[in-house]
Each structure stands twice: as C-alpha cells, then as structure tokens.
Amino acid sequence: MSILIDKNTRLLVQGITGRDGGFHASKMMEYGTSVVAGTSPGKAGQQVDGIPVFNTVQDAVNDTGANTSVIFVPAAFAKDAMMEAAAAGIKLIICITEGVPTQDVVSSYNFINNKRAYLIGPNCPGLISPDKSLVGIMPAKIFKQGGTGVISRSGTLTYEVVYNLTTNGMGQSTAIGVGGDPVVGLYYKELLTMFENDPDTDSIALIGEIGGDAEEQAAEYIKNNITKPVAVFIAGQSAPPGKQMGHAGAIISSSGGTAAEKIAAFEAAGIPVAKEPSEIPMLLKRKR
Amino acid sequence: MKIHEYQAKDIFVKYGIPINPGYLCHSVDDAIKAYEKIDHGLVVVKAQVLTGGRGKAGGVKLAKDTVGMRNHAANILGMDIKGYTVDRILLAKAEDIEAEYYVSYVIDRNTKSTLLMLSKEGGVDIEEVANATPEKIHKIVIDPTIGVPDFLARQAAFLLFDDIKQVRQAASILQKLYKLFVETDASLAEINPLILTPDEKVIAIDAKMTFDDNALYRQMKINDLFEPTEEERKEQKAKTKGFSYVQLDGDIGCMVNGAGLAMTTMDMIKLYGGNPANFLDIGGSSNPTKVIEAMKLLLSDKDVKVVLINIFGGITRCDDVANGLLAAFKQIDTNIPIVIRLTGTNEVEGRELLKGSKFHLAETMGDATRQAVELAK
C-alpha cells in the first residue's frame with residue numbers, strides 16, 4: 001500500500017495545454033500514472049500526448065472517471081481551478097502553482113474542506129508512491145519503492161533526503177511535498193496519521209523548515225499518536241529573522257518560527273533530529 | 001510588504017474607520033504648521049518607520065505645547081530605530097483615553113483561515129500578553145463564505161464592551177476592518193490600541209498593516225506604497241531574474257536550486273565552521289544565462305571569497321547542469337575558487353564532464369561544505 005495515490009489514481013491535469021502542464025503530464029504518464037484527462041477551457045477535443053482535453057473539470061470527470069487532479073494553471077487562476085475540481089467531485093487536489101495569493105488559498109481550502117476533499121499545496125512538488133503513481137513534478141528516477149514515508153515542506157531538499165534514503169537501500173512508501181506557502185492543505189498531523197495507518201510504511205522522515213509552529217505541534221502529536229520511528233530535519237538554522245527564505249512561509253517572525261525552537265520541541269519529545277540530511281537514513285535504521 | 005502607520009490610517013479613513021486626526025510632517029517647520037491646524041493642546045509625535053518597537057525606542061512622544069512639540073519633532077526626525085532613519089513623523093491629536101483594546105485580523109497558518117483577535121489588554125505589546133496571559137486574547141475563526149456578519153461583529157464587540165452604544169461602534173469597526181483586510185489582500189490589519197474616549201467614542205489611534213506579497217500583482221495601489229531598503233532593492237532585482245536572494249554577512253557565496261536545499265546549504269556552512277554570504281535559490285533549471293546572472297549577483301558582494309554551487313539534478317539531469325555550468329564559466333572571469341557539488345539524476349556523467357576543469361568537485365554536501373569552508377580560511 002501507500003497513501004493518497006496508487007494504481008487506482010485516475011489523474012486529471014488542469015492547465016494541460018500550458019508549458020509546465022504538458023511537460024509534466026507526459027512525464028507522469030511515462031512513469032506509469034494513469035493520466036486520464038486534461039482541461040483547458042475552449043480546447044475540448046484536442047489531445048496532449050494522447051490525453052483528451054476537456055473544457056471543464058465536470059466534463060472530464062463525467063467522461064473519464066478522474067478522481068485526482070493536479071493543477072498547473074497560473075497563480076491568478078489557481079483559486080478558481082481548485083474550486084472547480086472540488087465542485088466536480090474530485091477528492092484529491094494537488095496544486096503545484098507557486099505565488100497564489102494567501103486569501104485565495106484560505107477561501108478555496110475552506111470550499112474544498114466543505115466538499116470533504118483533500119488539498120495538497122499550493123507551491124508544492126506534489127507526491128509519489130514509487131512504482132505506482134507520480135502526481136506532480138518530482139524527479140521519478142531517484143525514488144524507490146519501500147517502507148519510509150516522507151513529508152516535507154520543500155522540493156529539492158526532499159529529493160536530497162530521498163536520494164540519501166534510496167542510496168542507503170531504504171525505499172519510500174509515499175513521499176509528499178506539502179508546499180512552502182504559509183497556508184496550504186494537508187500537513188504534518190493528517191499525513192503522519194495516514195502513514196501510521198498504512199501497513200506498508202515502517203518509518204517516517206519529516207522535513208521541516210523555519211516559519212510557523214507546525215513542527216512544534218507535530219512533535220507533540222508524534223509523541224502521543226505515532227508508534228512508527230520518525231526522524232526529522234529542519235532547514236533554516238542560520239536564517240536571519242524577518243526575511244523570507246525563498247518560500248513564502250519560510251520566515252522567522254517576532255513571535256517565533258525559529259529552527260532552534262522546532263529542534264528543541266522534537267528533542268523534548270524524544271524524536272531524533274538530523275544535523276545534516278545525510279543522517280536521516282541512519283537515524284531511522286537505528287530506531288527500527 | 002509593510003506600510004507606515006499614516007498610510008494604514010489613510011486606508012482606514014477610506015473604509016470609514018474613525019481615527020484620531022493627524023498630519024504627516026517631514027520637518028520641524030511642517031510640524032509647527034500642522035500643530036496650528038490641529039487646534040488642540042495635547043498632541044502625539046510619532047516616528048513613521050517600517051519597524052515595530054517605536055515607542056520603546058523613544059520614537060513616540062506626547063507634547064502639550066509648541067515648545068515641547070518642536071523639541072520632540074526635532075529629536076525624533078533623524079533618529080535611528082532598528083537601522084531605519086526616521087525621515088517623517090505623524091503629528092496627531094492626543095485623545096483622552098478611558099480604556100484601551102486590541103483588535104486585529106491575521107492570516108493563521110494553523111486554522112488555514114483569517115483569525116479575528118481581540119483583547120481588553122490594548123496599548124501594550126500583544127505578544128507579551130499572548131505569552132504571559134494567553135486567556136486574555138480572544139480568537140475567532142472567520143468563515144470566508146460569510147465573512148463578518150452583524151451577529152458575529154456584535155458577538156466579538158461584546159467581548160470588549162458592555163454598553164450597547166459602544167458595542168455598536170466597535171462592531172461597525174470590526175466589519176469595516178474585515179472588509180479592508182480582504183479587499184487589500186492584507187496578511188495583518190491591526191488596531192493597537194482601539195480606544196474608548198471619556199465621551200464614549202470608539203476610535204483607532206494606531207494602525208498597522210502588512211500585505212501578502214503574492215497578491216501585490218492585483219493590488220497596484222498598495223504596491224505603489226512599497227519603500228524598499230537598499231537590501232530589499234537588491235533582493236527585488238534578483239527576483240526579476242527568477243532568483244530568491246537574501247544577503248548575509250559571511251564570505252561563502254552559495255548558489256543552490258530550491259529554497260529548502262539553499263537554506264540547508266547555509267546551515268551546513270555554519271555547522272562546519274564557516275559563514276554563508278547569502279541565501280540564493282536559482283530555481284528549477286540551471287541554464288547558462290541563469291548561472292552567469294547568479295554569479296554576477298554573488299560576485300557583487302565583495303566579501304565573497306569562495307562560491308559553493310550545490311545543485312540537485314532532478315528533471316534537469318546532472319549532465320545537462322554540468323554542460324550549463326561549463327558554458328557559463330567560459331564567460332565568467334573570476335579567480336574566486338568555485339566548489340561544485342552535483343547530485344541526483346545522471347550525477348556520475350555530470351561529474352565526469354566537470355573533471356579536469358578548474359572547479360573543486362564534491363560528491364556529498366558534507367564534502368562540498370568542508371572544502372568551501374577550508375578555501376575561505
């Protein structure tokens with residue numbers, strides 16, 4: 001097993017006629033993901049790499065039974081795209097788009113939540129269940145099927161950690177980039193619970209960074225609810241306060257969000273924190 | 001993005017939120033003219049800078065006559081507050097205060113919503129209140145589909161006031177503040193303090209707003225208020241080239257793809273005893289033009305003694321990255337040692353291409369960092 005996506009995933013690509021949408025639709029299909037449809041208003045009847053294009057998400061869902069959607073539309077249209085997917089009954093919506101206004105995310109998240117669907121992102125690399133399904137922009141080649149669940153706020157840093165896991169013989173059940181914005185969909189608690197309940201996941205790597213206090217809450221949550229071994233890495237120990245470090249959500253404010261506070265919370269909860277990403281496999285093996 | 005108090009108050013006025021009248025002054029002469037216009041003995045002279053803690057720094061003073069006002073204005077203009085030089089002050093009518101309250105709307109990461117925060121402990125540092133007596137701060141999660149209807153505004157206002165006349169005034173302010181919060185794509189709209197005057201008027205005597213950078217494209221009027229520092233100007237310029245850049249004070253320049261990996265590279269440099277000169281995320285691809293631009297940016301910092309390039313080849317394979325780097329460095333003339341660490345898809349091929357070049361090559365992040373720290377010594 002794995003979480004959220006697998007061989008049953010029937011993927012719709014919103015914004016498939018755009019450069020990124022088209023490119024990654026092909027990559028995902030190449031990996032073996034069932035990419036069943038794309039949307040681009042006014043372009044119904046066209047095909048991208050053999051994938052049928054529809055005018056609306058509703059048409060795509062009716063025709064193809066798509067159950068998951070990945071969004072590549074420009075930031076100004078992302079809110080509408082997320083809501084369109086949820087309104088058409090899509091239950092898992094992954095928004096790759098970077099730079100979406102926060103209040104757009106707040107209102108679309110609320111709508112998606114009311115439709116009992118899940119949102120991942122925005123500003124995220126998506127997710128992968130190796131050898132089963134890839135949804136997003138992750139470089140498939142570095143992943144390997146196995147037992148470690150990966151949750152991360154970052155893109156390339158996730159690849160770095162995954163690469164270390166794979167080269168140490170530790171494959172992944174599912175790896176998820178939750179997104180680097182201050183407000184995004186699924187986060188640590190929900191995903192930790194899914195991994196805890198997934199029989200194929202035997203350990204969890206959590207990659208956090210500065211900004212907010214989700215890591216502190218995750219530490220407490222792991223202590224009380226997660227029995228599988230968890231190892232953590234936190235980026236941004238040398239980041240100056242008040243500066244946005246690339247990700248909109250990676251900023252130390254006057255009320256907190258430092259790496260030191262996060263690391264202290266994990267250590268207090270008895271969860272090992274890696275000093276550098278390459279230590280993660282060792283920390284997980286030691287606990288298993 | 002931050003704006004000044006007087007700018008936030010201008011927005012408040014447009015939305016009908018009552019404030020204490022004031023005038024923006026760039027000089028003592030301006031202040032004297034403004035003082036005549038206010039026609040009131042007691043005034044407050046407030047430094048207008050884009051940072052908090054103005055009061056503690058001595059940038060907010062009360063004056064009861066022209067002499068006092070003139071002295072304070074002269075002292076505050078030119079004052080340094082946390083690295084910002086005060087070049088303008090707000091001269092405002094000092095209201096008599098019966099009670100002070102705290103009110104704000106803020107984007108909350110945890111509830112993924114807008115939060116209305118209220119407290120009877122106004123006029124003080126709200127973070128101190130939050131730490132010492134969190135029970136004194138009320139938090140209301142706003143449902144974006146209904147916003148702040150009358151009942152909710154009333155319910156919230158009753159948390160601060162008992163008298164219905166005061167509640168009505170406060171409720172109206174709460175609704176107007178929410179409207180402006182949403183319509184300007186704010187990430188914070190704060191009144192601290194909101195006051196009750198002896199004649200039972202509820203007014204905002206301070207205003208603080210910050211805005212979502214991601215939304216500035218559709219908030220041109222707000223965007224026009226942006227006053228970048230020299231540092232922010234450099235960061236802004238980098239952004240137009242597709243980079244995320246933050247200058248730091250070390251001597252090891254970093255060029256990395258991805259924000260998380262870029263932060264980790266800085267952290268590793270510190271961990272191994274060095275000092276990063278910057279945070280630089282060059283984003284997805286690493287085509288030669290991008291690398292050349294990034295090198296120009298790094299070398300414009302004269303403190304940089306070594307450059308550490310850390311690239312994870314994902315979709316863009318390492319052999320393509322290596323070719324890009326070779327092409328770029330044909331056009332870059334520098335004696336600064338360059339450490340390159342390439343990993344990911346086709347890393348062996350990538351490293352093979354770089355062999356025999358002038359670069360210092362590394363396989364792991366640890367190795368790359370060690371080399372860079374050593375070379376910077």
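Predicted model: local features only at pLDDT ≥ 70, side-chain atom pairs only at ≥ 80, totals over all residues.
**Entry 1**

I looked up β8 (residues 126-129) of chain A and found 4 bridges joining it to β9(A), with the two strands running antiparallel. One residue pair I checked here is Gly126(A), which stands opposite Gly136(A) in β9(A).

Then I went for the whole sheet. It is open, has 6 strands and reads β9-β8-β11-β10-β12-β13 in chain A, with mixed pairing. Which strands sit at the edges? I get β9 (133-136) and β13 (230-235) of chain A, each pairing on one side only. The twist from one strand to the next averages 15 degrees.

What lies across this part of the chain? I picked out helix α5 (residues 156-167) of chain A, which lies across β10 (145-152), β11 (172-177), β12 (203-209) and β13 of chain A. Relative to β10(A), helix α5 runs at about 155 degrees.

**Entry 2**

Next I followed β4 (residues 51-54) of chain A. Strand β2 (residues 34-39) of chain A is joined to β4(A) by 2 bridges, and this pair runs parallel. Within it, I see Gly38(A) opposite Val53(A).

Strand β3 (residues 47-48) of chain A also has 2 bridges to β4(A), but this pair runs antiparallel. Here Gln47(A) has Pro52(A) in β4(A) as its bridge partner. I checked the turn as well: the hairpin of β3(A) and β4(A) has 2 residues between the strands, and Asp49(A) takes a positive phi near 55 degrees there.

**Entry 3: two helices side by side**

I wanted the geometry of α7 (residues 214-225) and α8 (residues 259-268) of chain A. Their axes come within 8 Å and cross at roughly 0 degrees. So I put α7(A) and α8(A) down as roughly parallel to each other.

Which residues meet? From α7(A) I listed Glu215(A), Glu216(A) and Ala219(A), and from α8(A) Glu261(A), Lys262(A), Ala265(A) and Phe266(A). The residues of this contact split into 3 nonpolar, no polar and 4 charged.

**Entry 4: domains**

I took the division of chain A as domain 1 (10-120) and domain 2 (139-287). Their C-alpha centres lie 27 Å apart. How many residues of domain 1 touch domain 2 in chain A? I count 8, in contact with 8 residues of domain 2.

On the domain 1 side, α4 (102-114) and β7 (118-120) of chain A are the elements giving two or more residues. α4(A) gives the most, with 4 residues. That side divides into 7 nonpolar, 1 polar and no charged residues.

Chain B I have as domain 1 (21-93), domain 2 (99-223) and domain 3 (230-376). The centres of its domains 1 and 3, taken over C-alpha atoms, are separated by 46 Å.

**Entry 5: where A meets B**

Last stop was the contact between the chains, which takes 46 residues from chain A and 45 residues from chain B. On the chain B side, the elements that each supply at least two residues are β8 (113-119), β13 (244-247), α9 (259-271), β15 (278-281), β17 (338-344) and α13 (365-376). By residue class, the side of chain B that touches chain A divides into 18 nonpolar, 17 polar and 10 charged.

Note on methods. Residues numbered from 1 in each chain as written. Chains lettered and ligands numbered in written order. Pairing = 2+ DSSP bridges. Contact = placed C-beta atoms within 7 Å. Nonpolar A, V, L, I, M, F, W, Y, C, P; charged D, E, K, R; others polar. Axes fitted to C-alpha atoms, helices over the stretch in contact; angles between N-to-C directions. Parallel < 35°, antiparallel > 145°, perpendicular 65-115°, else oblique. Domains from an automatic or database assignment.
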